[in-house]
Each structure stands twice: as C-alpha cells, then as structure tokens.
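Open the model in a viewer and keep the selection tool at hand.

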Amino acid sequence: MKKLIDFYNSSIGKKVTMSLTGLFLCTFLLEHLIGNLLLFAGEETFNAYSEFLVSNPVIRFVEIFLFASLLFHPLVGLLLWISNKRTRPQKYEVYQLKENTPLASRITMLTGSLIFVFLVVHLRTFFVPLRLAEVKPSGYALVVEAFSSAPYCAFYVIALVFLAYHLRHGFQSAFQTLGLRTKSYIGLLDAVAFIFWFIIPLGFALLPIYFYFFQPATTAAATALGVH
Amino acid sequence: MNVTLKVWRQKSKDDKGRFVSYPVRNVSPDASFLEMLDVLNEELGKKGEEPVAFDHDCREGICGSCGIVIDGRAHGPGRGAATCELRMRSFRDGDTIVAEPWRATPFPVIKDLVVDRTSMDRIMYAGGYISAKTGGVPDGNSTPIPKPVAEEAMDAASCIGCGACVAACPNSSAMLFVGAKVSQLALLPQGKVEAKRRVERMVDQMDKEGFGNCSNNYACEAECPKEISVQHIARLNREFLKKTLA
Ligand code: HEM
Ligand code: SF4
Ligand code: FES
C-alpha cells in the first residue's frame, strides 16, 4: 500500500493514473459506440440491448470502474494542470510554444472540460431516466426525442469534435506515459490512435445527424397515429 | 546588420527585473548570438554601464553553459543548435530581438540572463552515475555491447545539461533531461546494476526540485540542441514502472 501511495505521489505515478483511466475510458467508448450503432437496427433490437445493460450484473460491476475513472481522470487532470501552472510564475514575454507543439496537445484541459460538461448533460438525458426512473421509458424513444432538437444535436456534435481533439493527443500520450510508445510501435500506435480519435467520434456523430434529418418514428408514436 | 535587442535586466536574485532595449549596430551576419552580446557589452562598458550578464563557456555547443530564450524559443529559432551556435543571419536587418532567461521555479534568475541550474546538478547527485571502484583498466572487449544499443546510449549521453527542455516545456518539466541521464546508463550493462535505485532517486529529486509534470507535448525534443528523442522519456517511464512493479 505504501508503495502504491508513493507511486501515486510521484510525477510519473500521477501521469500513469491519467493514462490508465484515460485508456479505460477509451475501451468504454468503443463498446458504447458498437452498442449505439444498434440504433440503426431499429427500436426492438436497441431496447433489448439497453435492457441487457441495465440488468446484467457484470456490466453493473464494470460500471463501478467506469464511474471511478470518470471521477479520477478529470480530478487528477485538474490537479496536474494546476501544479504545472505554478512552475512558471514569471511568464515569458514572448513564448512560441505553437511552433513546437501540435494544437491538440496544448488544449487538453479545455477539451477535457467540455467533455465533462457534455457528460453531465448526457447522463441527465439518457442514464438517469433509463437507470433511476420509476417507470423505465423506451431507450429508443429517448434518443429520438433528444435528437429532434437542433441545439441539442449541435451541442452533441461539437462535444464530439472536442473529444476528437482530446484523443488526438491523449491516445498516443497514454502509451508514451506507459513507456510503450517505442520506435518499433509508433506506426501501429498511430493507426490504432486514428480509430480512436477519428473513427469513433465520427461514428458517434453520425447518430444525431441521422436522427435529426430522418426522424424515424417510434412504436409509441406510430401506435398513436394508428399506422401500426 | 543592425538590430534592437530587448533584453531582460535584473540586478540580483531579489531584484524585480525589467526589459531594456538597446540598439546594436554593425553586427556581422556570421557572428554568433553571444558575439553580438559581446559587441553590445563592449559598447555598454565604454559608456560605463553594467554589461549584460549571460552564461557561456565552450561556445561550440558542447558544454551546456549557454541558454537564452530568444523570440520565445529556447536557444532561439531553428533546430539542433545551442545559443552559442546561433548565427545572426537567422535574423533580419532591423529586427527587434527579445532575449530572456530560462523561466522555471527550479531555475531562479541570478542576474540578467543567468539562471541557477544547480537543481539539475542535484538530480545528478541523486543517482546519475555508477558506483565503480577504480582499479586496473578492464579489457576492451570484456563487456560486449551490441552496436544499436551502444548508439542509443551514446545518443542519450549527448545531453549537455543545458536545461532548454525545461525552458521550452509549458510545464517546466525536466523529463527529457532526466530521461537522457537515466537512459544512457540503463541501456548499458555497467549501469543496469543500480538501475532501480537510480530511477527512483532521480525522479524523486526531480519532483522535489519543483519541475512540472510531463504532458507529452514534445516541445523539449523540438528545442533540444542535441535533438535528444522523447523515446528516452518513454524509457524513463518504463524504468520507473519496472522499479515500482518489481
Ligand atoms: C470519454 C472521456 C475521456 C477520455 C476517453 C479521455 C482520455 C484521455 C487520455 C487517453 C489521456 C492521455 C493520458 C496521458 O497523457 O497519459 C487524457 C489526458 C487528459 N485528460 Fe482526458 N479523457 C476523457 C475525459 C476527460 C475529462 C472529462 C477531463 C476533464 C477535465 C479530462 C482531462 C484530461 C487532461 C487534463 C489530460 C492531460 C493530462 C496531462 O497530460 O497532464 N479528460 N485523456
Ligand atoms: S535533454 Fe537536450 S535540452 Fe535538455 S538538458 Fe539535455 S541537451 Fe539540454
Ligand atoms: S557555450 Fe558551451 S554549449 Fe553554448
């Protein structure tokens, strides 16, 4: 235990905490996207998946780590950011960091913070009614309803652009922190990183775009209209 | 060529310091940045003013003494060169050049452009060596080392300890310096014996000195006069994890 605390207290230990929680969140993103793509398979399939998530004890267990990561990752990120700010109380008159570093690496705190705001809204829209409400609504209907609003869709897509920037830097950074970004693996790593920072956010963004423009009807709506 | 130098002047550690602009005339484009400062200081001396203090020694990029943030870049514009190797032809006639000291809490300014870098020395004292008993000279081929490994260790060993990595880093992190110093020994059989203790003590000292956390921005690699690769930071992380897990 003392070893673990010493490790966390070191600069590298804190970065490893960021890295492991960040990568765990990345595996979650992958799972979440695959699940969400079931929305394209229609209401019945998606709702069956959604109920499986709610009732499965394994998912419930993994969820504990998910929420722990969602808590620790931003918290440690914030602590690091604050302590790093303190290392240069007297600023440079001229500082050309942008000539030496990619944009994504300079704005992780900004992109992370917006992701955080997004997550709060996101959990409020979907997780809270599906998990905590007395009467469980149809997951599919919730999605249709949420994505019928243009501002909500826009907010969603913007947050995903920020996620893309966050992972553009974060994914390779996590492997560098673990000491695994070595010469022989950089090529492979960049390829996998592309899936995470580009393909996955793009996949998520397709959902609000599809639902906003095509507005598929839900069973409830169809029944109300008598076209069942 | 003629330039205007806007340079940081600070009398002592406790002085608040400020920028002062000086015209510098008739500088040869082939002069180094430090020679331009020499020209300025001679002028200042003639007028009875205090010359601008700056660190320098070898003036050929091997000692690591020099180091100025010039126009917002550690060791000035361009890559792979220390301040003493920077030529005035990198600037244009009539330019205003801003020169400031390395800025980081572990590098307090002593005077003008001179900072105290003993924090880096203390990291070295903490473990940047091998404890070898002196004795007879060992046979040249008694410890075979594969060429690529020797090369990698030599690359790490080319670090001159200038501190530009810290100065360039948005977090004032010393990970490139410590990475190079840990790597040069961790790669070789002679250094492997004390590898765990070394990485533990050097990282501990680095944290105590108040250097920041690495965010993997890689500004250090871009500004390092010896172009030390961030691969050595990855190795430092690996060595640290090995030490913790074993
Ligand atoms: C789905 C959500 C998220 C994922 C998948 C994710 C992923 C990552 C990854 C992989 C890293 C790289 C770790 C490293 O450099 O070793 C990282 C870094 C970072 N994340 Fe996140 N992150 C997420 C949400 C957040 C949130 C909500 C914040 C809150 C403010 C945040 C703040 C940061 C910061 C500040 C860093 C940089 C740490 C540093 O380099 O010093 N992230 N993230
Ligand atoms: S790693 Fe490069 S920039 Fe840092 S101290 Fe060594 S030579 Fe200077
Ligand atoms: S004076 Fe020796 S490296 Fe510049």
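For the shell counts used below, Ala, Val, Leu, Ile, Met, Phe, Trp, Tyr, Cys and Pro count as nonpolar, Asp, Glu, Lys and Arg as charged, and the others, Gly among them, as polar. This is a predicted model, in which local features need pLDDT of at least 70 and side-chain atom pairs pLDDT 80 or more, while totals for chains, interfaces and linings use all residues. Residues are numbered from 1 along each chain as its sequence is written, chains are lettered from A and ligands numbered from 1 in the order in which they are written, and side-chain values use heavy atoms, with hydrogens and water left out.

**Stop 1: ligand 2.** Select ligand 2 and the residues near it (a heavy atom within 4 Å). The shell holds 13 residues, the closest being B:Cys159, B:Cys162, B:Gly163, B:Cys165 and B:Cys224. By class it has 11 nonpolar, 2 polar and no charged residues. Helices here are DSSP runs of H or I, at least four residues long, numbered from the N terminus. In chain B, α4 (164-168) and α5 (175-186) each give at least two residues to this shell.

**Stop 2: ligand 1.** Move to ligand 1, which is surrounded by 23 residues. They come from chains A and B, so the site is shared between chains. The shell divides into 10 nonpolar, 12 polar and 1 charged residues.

Next, show the polar contacts (N or O pairs within 3.5 Å):
- A:Lys15 places a polar side-chain atom 3.0 Å from an oxygen atom of ligand 1.
- B:Ser215 has a side-chain N or O atom 3.1 Å from an oxygen atom of ligand 1.

**Stop 3: the iron atom.** Which protein residues are donors of the iron atom of ligand 1? Donors are N, O and S atoms within 2.8 Å of the metal (3.2 Å for Na, K and Ca). They are A:His73 (NE2) and A:His166 (NE2), lying 1.9 to 2.0 Å from the iron atom. A:His73 lies in α4 of chain A and A:His166 in α8 of chain A, so the pair ties together parts that are 93 residues apart in sequence.

**Stop 4: α8(A).** Select A:Ser149, which caps the N-terminal end of α8(A), with a side-chain oxygen 3.2 Å from the backbone nitrogen of A:Tyr152. Following α8(A) is A:Gly179, whose phi is positive, near 75°.

Note on methods
A polar contact is a pair of N or O atoms within 3.5 Å; within protein, one must be able to donate a hydrogen and the other to accept it, and residues adjacent in sequence count only if both atoms are side-chain atoms.
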